[in-house]
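Subject: Structure handover

Hello,

Here is the structure you will be working with. Please open it first, then read the notes below it.

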Amino acid sequence: MLNSKYINFLFLLLITYRKKHISIFIISVIIVALVTSILFISSAIQKDINTTLQSQADFTIQRYKAGKVLNTPQSWIDEFLQIDGISKVQGRIYGMHFYEPAETYFMIVGIDFFDDNVVKTLQTLIDNIDIDKFLSRDNMIIGSGVKKFLDEYAYKDYYNFRPPDRSIKKVYIYGTLPKQSNIVSSDMIIMDIDLARKILGVEDGYVTDIIIEVPNPKEAPMIRTKLTISHFDMRIIEKEDIKRYYKNLFNYKGGVFLILYTIVLVTFLLILYQRYSMISNIDSKEIAILRSVGWKINSIIWLKISENFIVAFSAYLVGVITAYIYVFILNAPLLKEIFLGHNNLSQDITFSQQINTTDLGIVFLLFVIPFIIAIIIPVWHKSIIEPTEVMR
Amino acid sequence: MIIIKNLYKEFSQDTTQSFHALKDINLSINDGECLILNGVSGSGKSTLLSIIGAIMKPTSGSVEIDGENIVSLSDFHTSNYRNTKIGFVTQSFHLFDELSVKDNISIPLIITDLSNDEMDEYIKHAMKIANISHKSNQKVKTLSGGEKQRCIIARALVNDPQIILCDEPTANLDYTNSIKFIDIIKKLKEMKKTLIIATHDPLFNNLACADKTLNIKEGSLE
């Protein structure tokens, strides 16, 4: 059946009756582009989360009393070091800084620059960071969201913090964190731990929280139990909890979109089915002509399958390419806002290219196959009727 | 040779009413014969042609073409039969309006094993007989009624079928085009095609090339 005459005739019909297909093609492209964009964004976000949170500590300990988070005594660090299986315990200083000009909050994170691991992690984010130079004066590394706000108010080189002791602390901008880590670092300011303590007003002998590293994941549940019973006024956050939090947040948003997509797709297919069920006089006449000159039912169905497969597959390809351009080149305007929201600062994220072939396969199966079925059933119905019935 | 025996066709309008379009038709037509079926609208002429052309099944009876009862053939075989042995000329211009004359004529050949060159030869030959070669690349929707009719004739002839069925072929044609159509019928007769023409056009009365003229009334042959 698939000879050159058949293929010529197929393309002749497609070109001649292109107006008939154009509206369906456009709607199909929009649907495919929308769902593929959602999948591209979800995959890119998950990849970014995994990359960014990879260096997160296994456990984070916070002092928690009467429903409020309090500063944690530094003395706990030595206690936790006594627990077998823990390789590293470190205090952290962090907190929110209210940036009055824009009425928004930045997160200050104080880190220990004498800790090799911390420096290594930082070096993966910022190339050629010179620690000695960084510590030679009060410096900070800022997220791109923070930079945007500081730039707006001409804080190009430094910013004056106002610690609770009513002094003014001038801190220089050393560098900016890469956009790839924006999903968690857009509103972040990284500085030396002692500087952060001073700006945030955390008294000596206390830290904001304590991070713990456990090299053997199998020991983690047992260590968690030991930590839990060591103090009753504390909360333990696991690395997986943080990852899960972000994943759930974005999966939930993606899920809402996928449900909307499913509703749109089903509606579209119903319209398609109805359209072909109420097959136009021209379509009926064509089928009748083909039958009357000796075309077999399966030849006619194959012709219609081929015709609509070309329309659906072209729409699928164009839709996927459109989604690629929209997400990875145009950076998903609008959808990005909906997905990432404005928790604190606007999330100025550049999505990392992450194309999952399984996702593309699922879109293909959930779009092209139902598309063909929605058309073929009514066409088959018309084809099995005696040609004279259709000709009347 | 076509042999029709005890042919009945009944259309059920609902569970209680039915309409007998054909009643006990018995008829034989020799190869190369030209039969004129005369009758008013609704007399059953088109139904009889549709059954002979295997685009409709009778309620009972048989239609033997060269010894084979086409009534009992499967859809696969009736499609083959229509494609190889039958040429249909209808009163309405059943054509793909947006396609060219040549493309329309090629439709029966697409599903055959002919090569592209052979196909072109067949199309040229059919267009020549139907006198439509000069409109080969023109879209059907731009043709006049007479030209559309000639396009349908060329399509009916392109597979070189033995039997040509014409259902009210001049119903939508003016006098001049009707005369041109009769000239083509004469050519087909010379080519020894079996012709069955259902009509109520007086132009076909006493047609010199007609071997038989039968009247059909209320589904029965007179």
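**Cysteines and other findings**

B:C34 is buried, with a relative accessible area of 1% (buried means under 20% relative accessible area, exposed over 50%, partly exposed in between, with a 1.4 Å probe and protein chains only).

This is a predicted model, in which local features need pLDDT of at least 70 and side-chain atom pairs count only at pLDDT 80 or more, while totals for chains, interfaces and linings use all residues. Residues are numbered from 1 along each chain as its sequence is written, chains are lettered from A and ligands numbered from 1 in the order in which they are written, and side-chain values use heavy atoms, without hydrogens and water.

Over all chains, the search of the whole structure gives zero disulfides (a disulfide is a pair of cysteine sulfur atoms within 2.5 Å). B:C34 is in no disulfide, and its nearest cysteine sulfur, in B:C209, is 4.6 Å away. B:C151 is buried too, at 0% relative accessible area. Its sulfur is too far for a bond, because the closest cysteine sulfur, in B:C166, is 15 Å away.

B:D24 has a phi of about 45° and is placed in strand β2, residues 18–29 (strands are DSSP runs of E, at least two residues, and helices are runs of H or I, at least four, numbered from the N terminus). B:D24 is partly exposed, at 38% relative accessibility. B:E218 has a phi of about 50°; it is in the loop between β9 (212–217) and β10 (220–221) and is exposed, at 58%.

A:F134 is buried, at 1%, whereas A:Y174 is partly exposed, at 22%.

A:R137 lies over the face of A:Y172, 3.7 Å from the ring centre (a charge sits over a ring if NZ of Lys or CZ of Arg is within 6 Å of the ring centre and within 35 degrees of the ring normal). The charged end of A:K170 sits over the ring of A:Y158, 4.3 Å from its centre.

Regards
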